[in-house]
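Thanks for coming. I have one structure to go through this morning, so let me put it on the screen.

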Amino acid sequence: MSDDGKLSDEAILQELEVLGEIAVAHKAPGSPLATHCETINGQQYDVFSNVPHNLGELYDLSLEQADETFLVYQQERYSFKQTHDMARRLARVLQDNYAITKGDSVAVCARNSPEWCIAYMATTLLGAIVVPMNSWWQSAELEYGLKDSGSKLVFVDEARFQQLSTCKQALDIAIVLIKPQINTDLPEFYSLLRNVEPLSNAEVAAQNIMPEDSASIMYTSGSTGMAKGVLSSHRNIINALYTWKFVKEIGEIFRPELVEENPEYQPAILANVPLFHVTGSHAQFLASFSYLRKFVMMYKWNTEQALELIERERISVFHGVPTMTWEIMHSSKFDSTDVSSLRAVQSGGAPRPPGHLALMLQKFPEVAIPGLGYGLTETNAIGAIITGKIYAAKPDSTGRPTAPVTSVQIVDEQDNVLEAGDVGEICIRGPTIMQGYWNQPEATAEVLKNGWFYSGDIGKLDNLGFLIILDRAKDIVIRGGENIGCAEVEYAISEHPAVSEVSVYGIPDERLGEVPCATVMLKKDHSVQSQDLQEYLKTRIASFKIPMRLFFQHEQLPRIAAGKIAKKQLRQQAIEQLQTADPQASE
């Protein structure tokens, strides 16, 4: 232990050795979380042996506590059994009414709701491919996603239905509405379930869903053009869920004093991030089947409501982007809220500033273990993880490769594996890595090489094997956990008649981590106000992608030697300008 109370490297090494011994025993043959080597698409991976073969088998686990509360949303409460029953009834509707079969794509485009969860379950029960769509997308983005995925049907809430109104005539797709408030001839979600028998066990088994069958397409913003569809198999997702379960269990063996001993205690998680993200769909929703955990949904993020739900529903896991933890700690209601039920305060999707962690250790109960995870949509959110005292000692790290089936290495531009301390591209290997980008073999080949996923993130492994992320090779901004492809925003801005060229980049933000900004070269004799350009963009891209600050000039944007726009230089200029002058003066 160092003078400041943090674990020294020697103490961390000792803890890692003990944890390693526990992990080896926990994955040994005969253990519930045993692993074995499997050849998948010509590559060998360690995979979990005694886990569900597909998502349908995962859902069946919930019947072990059939009458316990599962889905909670506003005034609605559904048990595990009720949820399981509705999902199987909806699966029959999809099969009989809409001819959905194995391999078909079915989209879900809505805010968090029980219907979202049931639609996800029903689709994957049939071996169809579920397509969770970004509910913040605008009409053109939704049209692109539905066409690109080849979805035959979409579950949509009213707000997203209005977004589709301008393009639905161009889409050959069936639509099912979720809780509509409008008069329409389109079928409503619950009306389809009335007087329908759920699929039997034999009918579900007859779908013959294998581990390598495709399960989901999740869209992720990348460095070029429109979002890419990340195609994942049932095995990819199941191995991600049981990776988290493995880490949780070895942590509880290592620190049994932190395990809740109250037999009446039901674990509960606050679903505070969108379900169309892997954090929401995997780490929060799907993982709740293996933990038999209550899943308490928020329609959208609200700090005060989150605190209310933590107290009322006795939430044990608070898991969202770092911004959310920061906001509830700064809420005027934090000190008057009972947060004693919390056992974990975790985050993913974006880096957490070390100052956030220091405040967390002061504000939350000692049993509320802080944690941070690193993963991507392409890895089904698996990569590295760090928790507890080790996290407090290494707040600049995102942890060690997530045990027991994931590996991480750092490579240079020639794909040479680098030594500890050397900086290069972060590569991840394991059974949670996607099958590939939907209908984009060239893009897939660029990032999947010999079983390794090339993340585009730049970092290093320290002498103890902890991953430290330093930069991103991909041209993206992560705003409060939302990936924003700079190229997509640049394309949208460049369509404005006054714009000659543009560069979009991220600048630091205390609450959101970073926010998008842009430097715009205007055409000769043209001018535009920031507010007008932002309004122009609202009809073209989702609001979270719109630059919060715009800097205008008539001179050509600076270049690097290769002729590309000097984005890093523009970013630094913007940061300095915002720090030293009235930001409005730049507009």
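P508 stands opposite E514, a residue of strand 27. This is a predicted model, in which local features need pLDDT of at least 70, side-chain atom pairs count only at pLDDT 80 or more, and totals for chains, interfaces and linings use all residues. Residues are numbered from 1 along each chain as its sequence is written, and side-chain values use heavy atoms, with hydrogens and water left out.

Strand 26 and strand 27, residues 513-522, are antiparallel partners joined over ten bridges. Two strands count as paired if DSSP finds at least two bridges between them. Strands here are DSSP runs of E with at least two residues, helices are runs of H or I with at least four, and both are numbered from the N terminus.

The sheet is open, with three strands in the order 26-27-28 and mixed pairing. Strand 26 (499-509) and strand 28 (549-553) each have a single partner strand, so one side of each is left without a neighbour in the sheet. From one strand to the next, the twist averages 20 degrees. Helix 18, residues 567-580, packs on this sheet and touches strand 26, strand 27 and strand 28; contact means heavy atoms within 4.5 Å. The direction of helix 18 makes about 60 degrees with that of strand 26. For such angles, axes are lines fitted to C-alpha atoms, for helices over the stretch in contact, and the angles run from 0 to 180 degrees between N-to-C directions.

Next, a hairpin. Strand 1 (residues 35-40) pairs with strand 2 in the antiparallel sense, over six bridges, and H36 stands opposite V47 in strand 2. Two residues separate strand 1 from strand 2, and N41 in the turn has a positive phi of about 50 degrees.

Last, is T377 buried or exposed? T377 counts as buried, at 17% relative accessibility, because buried means under 20% relative accessible area with a 1.4 Å probe, protein chains only.

Technical notes:
Buried < 20%, exposed > 50% of the residue type's maximum accessible area, 1.4 Å probe, protein only.
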